[in-house]
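Have the viewer open as you read.

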Amino acid sequence: MGKKMKKSLGLTALAVVVSLCLSACGGSSSSAGGGDSIKVLYQKTDQFSQFDSQVKKAKKIFEKEHPGKKVDLQPISAQESDYKTKLSLAQRSPETAPDVLVQDSDSLQADADAGYLYNIKPFVDKWEDWNKNYIATAKKIGTGRDGVYGVPVDTDTRVIWYNKHVFDKAGIPVPWQPHTWQDLLDTAATIKAKVPGVVPMNMFVGTSVGEGTSMQSFYQLLYGTKQRDKALMDVKTGKWTIGSQGFKDSLNFLKTIYDKGYAPTPAQAQDVNIGGTISMDWLPNDKIGFTLDGSWLPSTWIKGGPKEWPDYEKTLGAALFPSKTGAKPEYVTSSGGWTLAVGGKSKKPELAFEFIKLLGNKDFSLEKDIKEAKIAVRSDVAKDPKYLATNAFTEITTKALDYTHVRPSVSEYPKVSAEIQKATEQVVTGGMSVDEAAKAYDQAVTGIVGQDKVATRE
């Protein structure tokens, strides 16, 4: 998959917000694991609705296989950042906490440290599917510092999606594969000059799209600079990188595309629904040249998706994102993933895990990966002919894994990511210069992790 913690609320305000969250979820305030039911919280939006259908199917099967037990589904209708905020609020109280939740790996360790997640290592150790069919690298998505806190449901990569109709009007040959950042700028400049009224390109910025800014945009730039694997942090030493020219270069690239009018306007970029606007309107209607986004994007357009688009495979192309100068490794992507977790306050963790096992079996995993165009986390799914024939882009989005960088699974990560989002917002809106935003980021990260956990790497 990718999306900030709010200031502490007073008890009265918190109660109001939790109540509103439950109303939005369509559920009641029964305690986690209360009675003979388990409560399941997950995200549902117009853009991502396939999982809602799947979990409803699983509910019917589970209740039939477990007579007398009920599954209380409570979808949270919100975009990524708001979903995480509402989920965090719900987890604070036993009255609202879920038994099963869909958890982004970016906040897995932080939530585990807060007591929001149950350590399921004793359960997975005895689960044959986990030991036999789950890919070793995928297991890391749900593994924290001192245990296993989630069963991965998917992983992902990021590629450039481009509209061939727009490229044709601009006279740009396809297939298209940029090899440097300058290639991206040159292509955007050509589109702007030759196809008026079209947004040349998009890279997410700001706080409105949350983790989407970090994962779908900034890391592809940052990891393509001099420091590469250490550009964000050195996993071996646990020290975060500050004082980096690569960080400034990445901010400057984003500032450039917004200053030159190659990207959406800053106001459009700050719309929480910008991702859906691009995938459900701009790309299908030839209103944008190219966008950097996730491998799951075809799930929007397939039959049964939120925006059926029969010609998407003919109209679109996909390209790998280049490193800054084309130096090897030539391309860059980042990977995350979502997990199914047992709530830390659940009174029925074993029953909750049984529901997770059902959703994690081969049949459900295969269906999810096909309908959501996700990259398989099970080896038996990855070999299945139906999966391999999912869409015309499965090969390149899977190939991108050869160049991937996995975000750190440490408790400080969500706060650091939030500072990245703030920095991008400041430079594209003119609130700060690149140097000022980079300095503010360095100071913020040092404050978050401590002086002993940062290292200056130019």
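## What counts as a cavity

A cavity here is a set of grid points where a 1.4 Å probe fits but cannot get out, and its lining residues have an atom within 4 Å of a point. Please keep in mind that this is a predicted model.

## The second largest cavity

With that in hand, which residues line the second largest cavity? They are I160, L184, M201, N202, M203, F290, T291, L292 and F321, around a space of about 40 Å³. Two elements, β6 (199-202) and β9 (288-294), each give two or more residues to this lining, and β9 provides the largest share with 3 residues. By class, the lining has 7 nonpolar and 2 polar residues, with no charged ones.

## The largest cavity

The largest cavity holds about 60 Å³ of space. Its lining includes S295, P298, K374, Y387 and F393. Counted by class, 5 of the lining residues are nonpolar, 5 are polar and 1 is charged.

## The open sheet

Moving on to the strands, an open sheet of 5 strands runs in the order β2-β1-β3-β13-β4, with mixed pairing. At its edges lie β2 (70-77) and β4 (151-152), each pairing on one side only. Helix α2 (residues 50-65) packs on this sheet and touches β1 (37-44), β2, β3 and β13. The direction of α2 makes about 170 degrees with that of β2.

Within the sheet, β3 (residues 100-104) and β13 (residues 338-342) run antiparallel and are joined by 5 bridges. Along this pair, Q103 stands opposite T339 of β13.

Technical notes:
Residues are numbered from 1 along each chain as its sequence is written. This is a predicted model: local features need pLDDT of at least 70, side-chain atom pairs count only at pLDDT 80 or more; totals for chains, interfaces and linings use all residues. Side-chain values use heavy atoms; hydrogens and water are left out. Two strands pair if DSSP finds at least two bridges between them. Helices (H or I, at least four residues) and strands (E, at least two) are DSSP runs, numbered from the N terminus. Contact means heavy atoms within 4.5 Å. Axes are lines fitted to C-alpha atoms, for helices over the stretch in contact, and angles run from 0 to 180 degrees between N-to-C directions. On a 1 Å grid over the protein atoms alone, a cavity is a set of points where a 1.4 Å probe fits but cannot get out, and a pocket is an open set with protein on both sides within 12 Å along at least five of seven lines; lining residues have an atom within 4 Å of a point. Grid points are joined across faces, edges and corners, and a volume is the space filled by probe spheres set on the points. Ala, Val, Leu, Ile, Met, Phe, Trp, Tyr, Cys and Pro count as nonpolar, Asp, Glu, Lys and Arg as charged, and the others, Gly among them, as polar.
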